[in-house]
Amino acid sequence: MTPDAAAFNHISVLSHELIEGLMLHDQGLYLDATVGGGGHSALILEQSPQAQVIALDQDIQALDAARAKLHDNCDRIRFWQGNFSTYDPDDLRFDGIIADLGVSSAQLDRPERGFSFRHDAELDMRMDQSQDLTAADVINTYSERDLADIFFHYGEERFSRRIARKIVSKRPLHTTSDLARVVASSLPPPKGRRRRIHPATRVFQALRIAVNQELQVLEKFIELAPTWLKPGGRLVIISFHSLEDRIVKIHFRQNPLLQVITKKPMIASEQEKRENSRSRSAKLRIAERVPLADGAESSLKP
């Protein structure tokens with residue numbers, strides 16, 4: 001195991017609900033579109049001893065960790081590096097597809113990845129570290145208006161214009177701590193009580209979404225994924241903020257290839273929330289592939 005793999009610790013959320021929702025087949029073929037540390041894939045292989053998994057991730061450190069974790073089942077799992085929106089399964093069709101969206105605990109906890117204001121590090125935030133655009137590029141080169149739009153639309157930050165103005169006046173900003181301080185200094189003092197979240201939380205979320213184009217690639221993935229399923233196959237997606245969940249809910253309802261299984265999203269139990277704080281914001285939705293009349297599906301493919 002490489003040092004990077006050993007350090008990539010991530011606790012999968014809603015694991016029981018995900019496995020139950022997949023309705024595993026004994027010899028099924030499954031796609032883990034965001035394998036991360038391999039937790040969900042490990043459960044699929046454990047619960048269905050003859051199943052096979054194709055595991056994707058754009059983060060090479062995550063893939064290394066998953067390979068190490070799943071080494072004993074290496075004959076039943078194949079890995080592919082890249083964003084799930086660019087994956088091409090060719091003629092393969094899956095009995096189930098899962099996606100655990102957003103940033104992982106391991107990415108947040110590694111200072112050099114530059115995702116969190118809890119660590120002083122270079123502003124990076126790239127999930128795929130081979131891409132060129134970093135968070136520092138966005139902060140230091142985008143216009144005040146573009147920054148304000150990012151913070152408002154992706155972070156739902158109501159002080160987006162004030163924050164963007166302050167950032168532009170203080171550029172260049174190179175580290176997570178630099179950015180967090182500028183954001184905090186842009187906001188009015190809280191009225192009556194302390195803020196429930198760190199003042200930079202929404203800005204950091206918005207910046208990460210913009211750097212990785214998370215909403216755009218999610219839209220493309222949800223358009224494609226139903227065409228990769230066998231009839232009766234299930235698509236299970238875990239999201240972590242309202243922007244993602246809204247996209248999943250709308251696409252599940254509007255896609256004629258899918259029947260919605262979860263009318264409302266499933267959330268973590270109180271015990272899981274206590275044991276894993278990341279699960280508090282998690283929402284799981286399930287849809288099932290329905291058969292269409294001969295020739296109808298080809299006209300629906302993107």
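Predicted model: local features only at pLDDT ≥ 70, side-chain atom pairs only at ≥ 80, totals over all residues.
**Entry 1**

Contact here means heavy atoms within 4.5 Å.

Residues are numbered from 1 along each chain as its sequence is written, and side-chain values use heavy atoms, with hydrogens and water left out.

I then looked up the geometry. Helix α11 covers residues 214-224 and helix α12 residues 242-254; they pack at about 20° with their axes 10 Å apart. Axes are lines fitted to C-alpha atoms, for helices over the stretch in contact, and angles run from 0 to 180 degrees between N-to-C directions. Helices (H or I, at least four residues) and strands (E, at least two) are DSSP runs, numbered from the N terminus. The two helices α11 and α12 are therefore roughly parallel. The cut-offs are under 35 degrees for roughly parallel, over 145 for roughly antiparallel, 65 to 115 for roughly perpendicular, and oblique for the rest.

How far apart are the end C-alpha atoms of α10? I found 17 Å for this helix of twelve residues (201-212), which agrees with the 16 Å it should span at 1.5 Å a residue. The expected span is 1.5 Å times one less than the number of residues.

Helix α10 is mostly covered, with nine of its twelve residues buried. Buried means under 20% relative accessible area, exposed over 50%, and partly exposed in between (1.4 Å probe, protein chains only). I listed the buried ones as V203, F204, A206, L207, R208, I209, A210, V211 and N212. Their cover includes α6 (135-141), α7 (144-155), α8 (160-170), α9 (176-186), α11 and α12.

After α10 comes Q213, with a positive phi near 50°. Helices α10 and α11 pack at about 55°, their axes 6 Å apart. That makes α10 oblique to α11. In this contact R208, I209 and N212 of α10 meet E214, L215 and V217 of α11. I count its residues as three nonpolar, one polar and two charged.

I moved to helix α2 (residues 15-22), where six of the eight residues are buried. These are S15, E17, L18, I19, G21 and L22. They pack against α3 (39-47), β4 (94-100), β5 (229-239), α13 (270-275) and β7 (283-289). M23 follows α2 and has a positive phi, near 50°.

S12 sits in the loop between α1 (3-7) and α2. Its relative accessible area is 15%, so I put S12 down as buried. Apart from neighbours within four places in sequence, S12 is in contact with G39, H40, E272 and N276.

**Entry 2: S85**

What does S85 touch, not counting residues up to four places away in sequence? I found V217, K220, F221 and L224. S85 belongs to the loop between β3 (77-81) and β4, and at 5% relative accessibility S85 counts as buried. S85 and I222 are 137 residues apart in sequence, yet their C-alpha atoms are 8.4 Å apart.

**Entry 3: backbone exceptions**

Most residues other than glycine have a negative phi, and most peptide bonds are trans. I looked for departures.

- M125, in the loop between α5 (105-109) and α6, has a positive phi near 70°. At 0% relative accessibility, M125 counts as buried.
- E156, in the loop between α7 and α8, has a positive phi of about 50°. E156 counts as partly exposed, at 44% relative accessibility.
- The peptide bond from R171 to P172 is cis, with omega near 5°. P172 lies in the loop between α8 and α9.

Key
Nonpolar A, V, L, I, M, F, W, Y, C, P; charged D, E, K, R; others polar.
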